[in-house]
Amino acid sequence: MSRIASAALAVTSALALVAGSAAAAVAAPAPGPAAEARVAPVDWKPCNPDPTQPDPKIYDCAVYQVPLDYDHPNGETIGIAMMRRRAGDPAKRIGSLFLNPGGPGGSGYLWATTNRFGKDVQDRFDLVGFDPRGVARSNPLKCFTTDEEAAAVNDRMTGVPVTRTEIAQTIDATEDYSDACSRNAGPLIEHMSTINVARDLDRMRRAVGDAGLTFAGFSYGTLIGATYSAMYPGKVRAVIVDGNVDPNLRMRDGVEYDRQRATGFEVSLAEYLKRCKTAGAPRCAFGDGDTRAKFDGIRDHLRTGPVTLPDGSTVTLSSFTSQVANALYAQSRQAPLAKSLQALYQVIQAPAAQGLSAAAVDPAAVEDARVLATTLPNALREALPETPYSADDSYYGVNCQDKPYPSNPWTFVNVAKAWEKESPTFGRYQAFDGPTCSSWPAPARDAERFTGPWNRRTATPVMVIGNLYDPATNYTFSQRMQRQLGNAVLVSVDVVEHCAVGRSKELGKLVTDYLVNQKAPAPGQLLKPDAEAFPPVA
């Protein structure tokens, strides 16, 4: 059998395995119209979000207890860390605006301090940030007891493994990671699916005294918003979902969902390179010549081995890919990325094109290229240094319970080969995010999960926001989110970036009107961001 045929068969088998496990999931029943059960109110205490600065005296903090297992609501509880910024105009206060930044595993606690929302929103709402269960301050899910234990496993993983040795070490390390989680994470690992986050959110809504939920979720947080809207449609006051997942695909087929994420990164990268070329140098430092060919040349060179810089640091395919992905998330990082790309291009080209050693390259260029030598983690983790293990493992705790994957991690070897053909920069990168979930001790196929239906109608339309060139959650996901929800309207933004609220004054007006007045925006709007990735040089 040819390698291409083998890859195709592996992918087909993986999808069949995933489809089978997804079919076994049972959708949680939506609550009926019965009167709400009373819950304990939140016991807020004044706090200072930044102890190094004077206390603004407008913040409160709390730890709110929720059931660990909702099948046993009177059993063991876990604490959800919450922070609120009190409404600026108490006389006009409407209620609480709950916020989630995504991840999964992103800490939302300090999002009470966000400036993404205008004064009218800050005056009318308490801004409430929280760490979802298992994240950061909320009973963090921990697979290791010390940072040294974690490093002994994580340091054996290669983000974009290419050689047989890299692949084997990476898969072996993911299995050791899962074994550590099985030993150390405790019962919480069985209750990390998003259905439980939605249940926690509904308890918090009642605990702050709001009759309906006002919520803004970003990235993975859009799944929280969609799940809540589907489970509690009669309790939705206003829900914004920005940078959207495809709920149905994510919860039913983890492999295909990740493949489409990879294509989203590729679309974003292609647009970035196109806009860089249009801007030209010096606005975009990488803008001279054929930006696409230059970029592909760098990537393909790194696939054959790392590039050693004159200072001794090395740029690997993994570090390069992670840095490019990270820069696509935010316009503010894209001009610096162009400088780094151009610098690395010069380092690679110098010996061949100029007959020089790499050491002869401009020192400033070497400094720019060095940025690409650092591999960034694929998970959002907020270090809490008061513990011997300063991270948490909620990223996989949620993903592996939500997204069904095949149980054989070696399946991803051929998956990566197939994806690399259609997504040459990000296919292999995305494929190797999956193997950990294959050996996860509490996988999606055994978990209680909410898998729909998503089309229950809310009184106020859900406001769906999607960037045309969002790398992490491609634009088609936002289109599908709007269609899958029972009552939703899509607003689009023409930008290469992940999520849009706070990046466009036009959008800010629509967001304020929606949150304050529950006025849904007109559908079909295409907005522009306030800033450019490559502004004119003064």
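**Group meeting: cavities, sheet and helix packing**

The structure holds two cavities of 30 Å³ or more. Before I go on, please keep in mind that this is a predicted model.

I will start with the cavities. The largest has a volume of about 50 Å³. Its lining includes Gly 102, Pro 104, Gly 105 and Gly 106, together with Pro 132, Arg 133 and Val 135. Met 192, Val 197, Tyr 220 and Val 398 also line this cavity. Sorted by class, that lining has seven nonpolar residues, three polar and one charged.

The second largest cavity has a volume of about 40 Å³. Among the residues that line it are Ser 229, Ala 230, Trp 454, Arg 456 and Asn 487. Here the classes come out as four nonpolar, four polar and one charged.

One residue from the first lining deserves a second look. Pro 104 lines the largest cavity, and the peptide bond that leads from Gly 103 to Pro 104 is cis, with omega near -5°. Pro 104 sits in the loop between β4 and α2, where α2 covers 119-124.

A cis bond also runs from Ala 281 to Pro 282, this one with omega near 10°. Where is Pro 282 placed? It is in the loop between α8 (254-279) and α9 (291-304).

Asn 139 belongs to the loop between β5 and α3.

Next, the sheet. Strands of a sheet pair through backbone hydrogen bonds, either parallel or antiparallel. In this model there is an open sheet of 10 strands with mixed pairing, and the order is β1-β2-β3-β5-β4-β6-β7-β10-β11-β12. Which strands stand at the edges? They are β1 (45-46) and β12 (526-527), and each has a single partner strand, so one side of each is left without a neighbour in the sheet.

Further in, β7 (residues 236-242) and β10 (residues 462-467) run parallel and are joined by three bridges. Val 241, for instance, has Val 464 in β10 as its bridge partner.

Helix α5, residues 194-207, packs on this sheet. It touches β2 (59-67), β3 (77-85), β4 (95-100), β5 (125-130) and β6 (213-218), and its direction makes about 125° with that of β2.

That brings me to helices against helices. Two packed helices are described by the angle between their axes and the distance between the axes. For α5 and α6 (residues 221-231), the angle is about 70° and the axes are 9 Å apart. Angles of 65 to 115 degrees count as roughly perpendicular, so α5 is roughly perpendicular to α6. On the α5 side, the contact includes Thr 194, Ile 195, Val 197 and Arg 205; on the α6 side, Leu 223, Ile 224 and Met 231 are among the residues. This contact has eight nonpolar, two polar and three charged residues.

The last pair is α3 (residues 147-154) and α4 (residues 164-184). Their axes come within 8 Å and cross at roughly 150°. Why are these two called roughly antiparallel? Angles over 145 degrees count that way, and α3 and α4 are therefore roughly antiparallel to each other. Glu 149, Val 153 and Asn 154 in α3 meet Ala 173, Asp 176, Tyr 177 and Asn 184 in α4. Those residues divide into three nonpolar, two polar and two charged.

Technical notes
Residues are numbered from 1 along each chain as its sequence is written. This is a predicted model: local features need pLDDT of at least 70, side-chain atom pairs count only at pLDDT 80 or more; totals for chains, interfaces and linings use all residues. Side-chain values use heavy atoms; hydrogens and water are left out. On a 1 Å grid over the protein atoms alone, a cavity is a set of points where a 1.4 Å probe fits but cannot get out, and a pocket is an open set with protein on both sides within 12 Å along at least five of seven lines; lining residues have an atom within 4 Å of a point. Grid points are joined across faces, edges and corners, and a volume is the space filled by probe spheres set on the points. Ala, Val, Leu, Ile, Met, Phe, Trp, Tyr, Cys and Pro count as nonpolar, Asp, Glu, Lys and Arg as charged, and the others, Gly among them, as polar. Two strands pair if DSSP finds at least two bridges between them. Helices (H or I, at least four residues) and strands (E, at least two) are DSSP runs, numbered from the N terminus. Contact means heavy atoms within 4.5 Å. Axes are lines fitted to C-alpha atoms, for helices over the stretch in contact, and angles run from 0 to 180 degrees between N-to-C directions. Angles under 35 degrees count as roughly parallel, over 145 as roughly antiparallel, 65 to 115 as roughly perpendicular and the rest as oblique.
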